[in-house]
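Visitor: I would like to talk through the pockets and the ligand of this model with you. Could you show it to me?

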Amino acid sequence: MDIHEYQAKEILAGFGVTVPQGALAYSPEQAAYRAREMGGSRWIVKAQVHAGGRGKAGGVKLCDSDHEIVTACEDMFGRKLVTHQTGPAGKGIYRVYVEAAVPFEREIYLGFVLDRSLQRVMIVASAEGGMEIEEISAQRPESIVRSTVEPAVGLQEFQAREIAFALGIPPALTQAMVRTLLGCYAAFRDLDATMVEINPLVITSDNRIMALDAKMTFDSNALFRHPQISELRDKSQEDPRESRAADRGLNYIGLDGNIGCIVNGAGLAMATMDTIKLAGGEPANFLDIGGGATPERVAKAFRLVMSDSNVQAILVNIFAGINRCDWVAEGVVQALTQNPVEVPVVVRLAGTNVDEGLRILAKSGLPIIRATTLMEAAERAVTAWRNDQAQNTNVRAI
Ligand code: GDP
Ligand code: MN
């Protein structure tokens with residue numbers, strides 16, 4: 001789960017990282033008011049979206065007056081900011097963060113990530129941070145400083161000092177840099193983060209180490225341990241299809257094709273999508289109902305998949321171990337009875353209580369296409385979809 005810059009800064013400040021003075025605003029007028037309240041004569045207005053690359057996309061603006069703040073905000077609010085990290089749809093701007101502008105001498109890059117092959121937290125840093133960090137790491141990879149943390153002892157002071165030296169931090173600021181590194185590491189570990197990134201971390205003109213930007217990502221599977229972090233979730237920044245599913249405890253992944261897939265388990269989802277492609281179709285999404293799904297849960301899954309306007313056929317593929325085919329069948333019947341669908345529905349059931357499941361489907365009298373093997377199911381879904389499309393075209397032609 002991602003959070004906003006202002007939230008990450010507040011968290012990191014609690015761990016001893018120095019950040020600029022700032023305030024959040026939900027409207028241009030509020031932003032100007034916040035700036036006046038803060039005092040000073042120069043501010044930075046920053047669009048709060050869950051993505052980096054805002055600077056280059058017009059989401060970070062330097063302002064010298066109330067009037068400039070209002071104008072900058074009017075350009076931002078309600079707009080979708082498209083950066084190289086958002087994808088073409090962009091992310092909506094509904095909050096801005098106003099900060100006292102900080103004059104600085106140097107920009108440093110600092111990142112904490114999980115190195116999955118080493119199974120360690122890795123610190124990645126560069127003496128040349130800022131908006132060109134991607135180019136620098138591509139052109140001069142040797143200039144990137146890397147250091148892995150030994151989990152049994154955590155980040156050590158000597159190790160943090162080594163990083164400070166490698167970055168050429170002036171001796172008078174070594175201690176402040178060590179405090180910043182230890183603070184970020186503690187936040188990462190204590191809050192089950194998967195990423196902490198400060199870019200830029202600057203040496204200010206009055207000789208302080210300060211985080212001008214901050215990004216944090218958290219392990220969703222650990223959020224139950226951190227209710228204060230879960231609360232920071234901002235649904236306006238998520239794919240609405242995926243957040244609706246997450247609210248119902250379902251795993252949903254949106255794709256670009258037109259066959260909606262309801263499956264159980266990630267492995268079966270992959271196999272189902274491969275087989276659909278093999279049969280000449282394209283999946284629109286897949287929804288994993290998980291284990292032990294009740295009829296209600298299956299019906300919910302069905303409604304969710306149908307709410308995706310790209311879906312022109314549905315394939316339910318369940319290999320029931322912990323699940324029960326009769327419950328899945330009941331769920332499918334419930335969903336189709338309550339909300340009849342116009343698109344073809346193919347169901348393939350295998351495993352626990354399969355006979356009872358098939359009996360429920362047959363008894364329902366609903367136009368459900370049944371299949372025994374995975375290949376058969378995929379082929380029937382693709383064929384039914386093709387026929388349905390052809391028929392619709394004929395109807396339109398008439
Ligand atoms: P990003 O493009 O999404 O990573 O947004 P940043 O928060 O990193 O802002 C982009 C750039 O704006 C930074 O790399 C800085 O060079 C500049 N910037 C951000 N905050 C300040 C500030 O307080 N003072 C000054 N002078 N520049 C800033
Ligand atoms: Mn940045």
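Visitor: How much space lies in the largest pocket?
Guide: Happy to start there, with a model that is predicted: local features need pLDDT of at least 70, side-chain atom pairs count only at pLDDT 80 or more, totals for chains, interfaces and linings use all residues, and side-chain values use heavy atoms, with hydrogens and water left out. Residues are numbered from 1 along each chain as its sequence is written, while chains are lettered from A and ligands numbered from 1 in the order in which they are written. A pocket here is an open set of points on a 1 Å grid over the protein atoms alone, where a 1.4 Å probe fits, with protein on both sides within 12 Å along at least five of seven lines. Its volume is the space filled by probe spheres set on the points, which are joined across faces, edges and corners, and for the largest pocket that is about 950 Å³.

Visitor: Which residues lie nearest the centre of the largest pocket?
Guide: Lining residues have an atom within 4 Å of a point. The largest pocket has 40 of them, and nearest its centre lie Gly130, Met131, Asn199, Pro200 and Asp213.

Visitor: Which domains each give at least three residues to that lining?
Guide: The chain is divided into three stretches, domain 1 (1-19 + 104-237), domain 2 (21-101) and domain 3 (240-386), with bounds from an automatic or database domain assignment. For the largest pocket, at least three lining residues come from each of domain 1 and domain 2.

Visitor: What is the volume of the second largest pocket?
Guide: The lining of this pocket draws at least three residues from each of domain 1 and domain 3. Among its 13 lining residues, the closest to the centre are Ser220, Glu238, Glu242, Ala246 and Asn251. The space in the second largest pocket is about 420 Å³.

Visitor: How much of ligand 1 does the protein bury?
Guide: Let's look at its surroundings, where a residue counts if a heavy atom lies within 4 Å: there are 17, and the closest are Lys46, Arg54, Gly55, Glu107 and Asp213. By accessible area (Shrake-Rupley method, 1.4 Å probe), ligand 1 taken alone exposes 560 Å², and the protein buries 86% of that.
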